[in-house]
Amino acid sequence: MKHKRMASVCLALWLLLLLLPGCSTGGPGIDGGGGTPQSTPPSSQSEQADKTPGGEDKKTGGEDKTPDQPPSHEAGTASGGAGEQDQYLTDPVPEGKPRPSEPQDQVIDEQKTCTCTFSIECSTILSNMESLDPDKVELVPPDGVILPPTVVTFHEGESVFDVLQRVCRDNGIHMESSWTPIYNSAYIEGIHNLYEFDCGNLSGWMYCVNDWYPNYGCSRYQLESGDIVQWRYTCDLGNDVGGGYATGE
C-alpha cells in the first residue's frame, strides 16, 4: 500500500514538472520580444521630427548656423568688398573723400590747435514759408543766416560734432542732438529751435564740408585744418541744397 502511494506521488511530481512554464530553451521570453533586450532606447517623437531622412538636422540642414556677422566697418575692405555698406549702414565713400573715423577710436591731441570755418543757415525755409510750422516763423532770420562764416579753433582729432557743440555754446545758439547707435553718430534734431519736419516731411539739418555732403554722421567726420563746414537746413531731403546724393536720393 505504501509502495503504491509513493509511486502515485512520484508520478504526480513528474507530471507537474512537465507542466511548469519556462523550462523550454527555444521559446519566446516573457516580454514577447524574443528574449533580446533593445540595445538603445527609441528616439522621442520630437527628436525624430527634427531629422531629415538622411539623418541631418532639419532645422540646420546638418550645419551649425551662427548669426550673420556684420561686414567690416571699413567700406570697400577685403571683408566688405567694394560697393557694400559698412557695419553702420554707410555706403562706400567716394574716392578721394575722407573715410569715417569712429568715435570710439577718437584720439584728440590738445597740444595741436587747428582752425576751420563754421556757418549755420536756413535760407531754404524762406522759399517754403507756407510749409513752416506757424509757431516757428519768428525764428527764421530775414536772410536765413543763423551764424555767418566764422573761423573757429579746434584740436587735432576732433569731429564736426565736437566743434558744432562748442560753436553753438559759445554763440548762444540752441542745439539738440540724439545718439543713433545704428549709425554710430549723433543726429542733429534741431538748431536755433528749428527742428526736423518743422518745414515739411522732408526737412531737417545737413552738414557740408568743403562743398561735399558726407554720407555719414557728423560724429564720424574728423576735421582737418582749413576745412569749411556749413550746417544747412533742407526742405527737400538735401535736393534743395545740393546734397541729395548724401541721403541716397
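**View 1. The open sheet of three strands, in the order E3-E4-E5, is paired in the antiparallel sense.** In this predicted model, the edges of the sheet are formed by strand E3 (175-180) and strand E5 (194-195), each of which pairs on one side only. Strands of a sheet pair through backbone hydrogen bonds, in either a parallel or an antiparallel arrangement.

**View 2. Strands E3 and E4 are joined by six bridges.** The pairing of E3 with strand E4, which spans residues 185-191, is antiparallel, and within it methionine 175 has isoleucine 191 of E4 as its bridge partner.

**View 3. Helix H3 lies across E3 and E4.**

**View 4. The largest nonpolar core contains 38 residues.** Those with the most contacts inside this core are Phe118, Ile120, Val160, Trp205 and Trp231. Two or more residues come from each of strand E1 (109-121), strand E2 (145-156), H3, E4, strand E6 (204-209) and strand E7 (228-234). In soluble globular proteins, nonpolar side chains tend to be buried together.

**View 5. Valine 160 is shown with its contacts beyond its neighbours within four places in sequence.** With those neighbours left aside, valine 160 is in contact with Phe118, Tyr207, Val209, Cys218, Tyr221, Leu223, Val229 and Trp231.

Conventions:
Residues are numbered from 1 along each chain as its sequence is written. This is a predicted model: local features need pLDDT of at least 70, side-chain atom pairs count only at pLDDT 80 or more; totals for chains, interfaces and linings use all residues. Side-chain values use heavy atoms; hydrogens and water are left out. Two strands pair if DSSP finds at least two bridges between them. Helices (H or I, at least four residues) and strands (E, at least two) are DSSP runs, numbered from the N terminus. Contact means heavy atoms within 4.5 Å. Axes are lines fitted to C-alpha atoms, for helices over the stretch in contact, and angles run from 0 to 180 degrees between N-to-C directions. A nonpolar core is a set of buried Ala, Val, Leu, Ile, Met, Phe, Trp, Tyr and Cys residues joined through side-chain atoms within 4.5 Å. Buried means under 20% relative accessible area, exposed over 50%, partly exposed in between (1.4 Å probe, protein chains only).
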